[in-house]
Amino acid sequence: MASFANPNSAANPFPVPAKLRRLQIEVTTGCNLKCAGCPRTVAMTAKQWHNAHMPVGRFRSIINHAPLADAIVLQGVGEPTLHPKFPLLVEIAIKSGKFDFVSFNTNALVRDLGYYVQLARLGLRHLSISVDALDQEGAELTRAGTDAALLQRQLSGLLRLFPGLTVSIVLSKMNLERFEPLLRQLLGLGVWMIEVQPLVSYADLTNPLCLTPTDIRLALATIHKLRAEHAEQHILPAPGMTPNGQRCHRPLNAAYCTVDGFLTPCCVTNDTEYFARTSLENLSFKQAWESDSVGAWMAEFQQQEPEMCKSCGYNPRGFDPNSHSMNIAPPPLVLAPH
C-alpha cells in the first residue's frame, strides 16, 4: 500500500479523494426475500434486524454532502424498490449532477415493468439484477420467496428497457451445479455483463453453503469456457476468486453510507462503529474524511489489512469465506415513510 502525506489532516494519512469511484447509499433495509446466507436473513433469524426506510430529507442531506463520484449505487442490504419514495431518490441523485452513473441492485420482483419505465424517464440508464437461479427449485434454495417464472419475465422485459444491465450471481454450494446452465441461459437472453461473487458466511450455520477452493476452480473453469464461446459478452468473477496478492483500495475510493446516514469503510460492512458513527447526513464528506474517527481507522488500514478484509469476496489477496470477520450491526428501528 502506497503512503500519502495529507497536510490537511493530522489523523488521516490519505488525502481527501477529489472524486470517488463509487458511492453506495443504503436506502432501505427491508426486503421481500430471505436469501440463504444474506446478513439480513442471518440477523432476522437471531431476531436482531429491524426494517427501515431512509427519510427523503436525510437522503437529500447526504447527496448535498457527498463528493463527486463516477457512480452512485442506491442499495445496501435491502431491496431498494420497496422504498415508497424510491423514484424521487433516483431523481434527486440524477439531478445533483455529482455522479456520472446512477444505478441500483434489485431482485426485480417487487415492481412491474411500468415502474422501471418511470425510472428510465427520470434518467436512469442502468441497473443490476440479482439472479442466483432461474429454475424454481434453485431459486427457492438460494433466494427464498422468488417466483422464478416472474423473474424470467421481468428479466426479459428489463433487458429490452436497459440493454446494458448487469446480472449479479452469488455462487454457493446451493447453485454450483446449476451454474453453467444458468450462465448459458443468461447469455442466451443477451445479458451483456454478468458478475459472479462467492457467498460469504456471516454465521456458523451458513458455513456449509460456502464454496471450497476446489469449487472455485470448477466455477472459474466454467467461466473460462463460456467466455471463449461468448467473446462479446462479459463474465466477471469477484477479485477474491482470482487473487493477485494486492491490497484492496476500496476504502480509499468507494464509500458506503448506511440507512441511518453513517459511513462505513466499504460496502461489505454496515458496522458503523468502525468510523465511530460518523454521519454523512451532518458532515460534508471532506469533514468526515478528516475527522479523527475516520482518520484513525485509515491510519490503521495503511499499516495492515483489517480483519474484516479476510472474509471479503472482493479482496484481491484472496479470502476466507468462513472467517466471520465482518460485523453486521442491526439497523435502527423502522422509520415512517417521508
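This is a predicted model: local features need pLDDT of at least 70, side-chain atom pairs count only at pLDDT 80 or more; totals for chains, interfaces and linings use all residues.
How many bridges join strand β3 (residues 69-73) to β4? The legends below begin with that pair of strands.

**Figure 1**
Residues are numbered from 1 along each chain as its sequence is written, and side-chain values use heavy atoms, with hydrogens and water left out. The sheet has 5 strands in the order β4-β3-β1-β11-β12, and its pairing is mixed. Two strands pair if DSSP finds at least two bridges between them. Strands (E, at least two residues) and helices (H or I, at least four) are DSSP runs, numbered from the N terminus. β4 (99-103) and β12 stand at the edges. Each has a single partner strand, so one side of each is left without a neighbour in the sheet.

**Figure 1. Residues face each other across paired strands.**
Start at β4, where S103 is the bridge partner of V73. Next comes the pairing of strand β1 (residues 20-25) with β3, which is parallel and uses 4 bridges. Here R22 stands opposite A71 in β3. β1 also runs parallel to strand β11 (residues 254-257), again joined by 4 bridges. L23 stands opposite A255 in β11.

**Figure 2. Y256 sits in strand β11.**
Y256 is found in strand β11. Is Y256 buried or exposed? Its relative accessible area is 2%, so Y256 is buried. Buried means under 20% relative accessible area, exposed means over 50%, and partly exposed lies in between (1.4 Å probe, protein chains only). Y256 and I72 are 184 residues apart along the chain, and their C-alpha atoms are separated by 9.9 Å. Leaving aside neighbours within four places in sequence, the contacts of Y256 include Q24, E26, Q75, F262, C266 and C267. Contact means heavy atoms within 4.5 Å.

**Figure 3. L74 lies in the nonpolar core.**
The largest nonpolar core has 87 residues. Such a core is a set of buried Ala, Val, Leu, Ile, Met, Phe, Trp, Tyr and Cys residues joined through side-chain atoms within 4.5 Å. I25, F59, L74 and L186 have the most contacts inside this core. What does L74 touch, beyond its neighbours within four places in sequence? Among its contacts are I25, V27, F59, F86, L89 and F104.

A disulfide is a covalent bond between the sulfur atoms of two cysteines. Here the term covers a pair of cysteine sulfur atoms within 2.5 Å. The structure holds 0 disulfides. C266 is buried, at 6% relative accessibility. C312 is buried too, at 8%.

**Figure 4. Aromatic rings meet in pairs.**
A pair of aromatic rings is described by the distance of the centres and the angle of the planes. Rings of Phe, Tyr and Trp (its six-membered ring) pair if their centres lie within 6.5 Å; planes under 30 degrees apart count as stacked, over 60 as edge-to-face and the rest as tilted. The whole structure has 5 aromatic pairs. Y115 and Y116 form an edge-to-face pair, 5.7 Å centre to centre, with 80 degrees between the planes. Y115 is buried at 10% relative accessibility, and Y116 is buried at 0%. F275 and W297 have ring centres 5.7 Å apart and planes at 85 degrees, so this pair is edge-to-face. F275 lies in the loop between β12 (263-264) and α10 (285-289), and W297 lies in helix α11 (residues 292-303), so the pair ties together parts that are 22 residues apart in sequence. F275 is buried at 4%, and W297 is buried at 9%. Ring pairs link F275, W297 and F301 into a cluster.

**Figure 5. Arginines lie over ring faces.**
A charge sits over a ring if NZ of Lys or CZ of Arg is within 6 Å of the ring centre and within 35 degrees of the ring normal. R247 lies over the face of F301, at 4.5 Å from the ring centre. R250 lies over the face of Y314, at 4.3 Å from the ring centre.
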